[in-house]
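Please work through the following exercises with the sequence and the model at hand. Each task is followed by a solution in steps.

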Amino acid sequence: LETFVAGVVFAVASNLVLIGSTKIITIVVSYVDFFFGLPLRLIFGFTNDRLKDTKNPVGKVVEVGSGVGKFVGEVSGVTRRVVEGADIFVGRYLLLTTVGYVILKFLKFKGVITIDPSQWANLINGGGGAPPMP
């Protein structure tokens, strides 16, 4: 009973910590994008669109500078979307793995799944056929 409870508690606690840490990273990246990337995209995107096809040399310099600012803002937005996608992926599959582990641990605790030492050799060495019936 103790190993069952310890394994389940460890799996759930690890799940909580790992999913929580990915959420923290996602929140930090989202705030950076909101307070840094969004204003860059809006201000420099507006400026860059207004200065397209200008003939003035100073306007060309400002257009290039605003293009760089808009690009940095776009990179911030893409980074946020990639981190959010990774967070969803990690959270979903980490949760599924934890649930599967807890189910297998429970089935082994109840005696539904048993692997005696003679079967380990077949599993490890890839021995053919089904294990012998008791």
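**Exercise 1.** Which class of accessibility, buried, partly exposed or exposed, does Phe-106 fall into?

*Solution.* The model is predicted, so local features need pLDDT of at least 70 and side-chain atom pairs count only at pLDDT 80 or more, while totals for chains, interfaces and linings use all residues. Residues are numbered from 1 along each chain as its sequence is written, and side-chain values use heavy atoms, with hydrogens and water left out. Buried means under 20% relative accessible area, exposed over 50%, and partly exposed in between, with a 1.4 Å probe and protein chains only. Phe-106 has a relative accessible area of 39%, so this residue is partly exposed. Phe-4, at 16% relative accessibility, counts as buried.

**Exercise 2.** Determine how the rings of Phe-4 and Phe-106 are arranged, and which helices they connect.

*Solution.* Rings of Phe, Tyr and Trp (its six-membered ring) pair if their centres lie within 6.5 Å; planes under 30 degrees apart count as stacked, over 60 as edge-to-face and the rest as tilted. By this rule there are five aromatic pairs. In one of them, the centres of Phe-4 and Phe-106 are 6.1 Å apart and the planes stand at 55°, so the pair is tilted. Because Phe-4 lies in helix 1 (residues 2–50) and Phe-106 in helix 2 (residues 57–110), the pair ties together parts that are 102 residues apart in sequence; helices here are DSSP runs (H or I, at least four residues), numbered from the N terminus. Phe-4 and Phe-106 form one aromatic cluster with Phe-109.

Key. Helix = DSSP H or I, 4+ residues; strand = E, 2+ residues; numbered from the N terminus.
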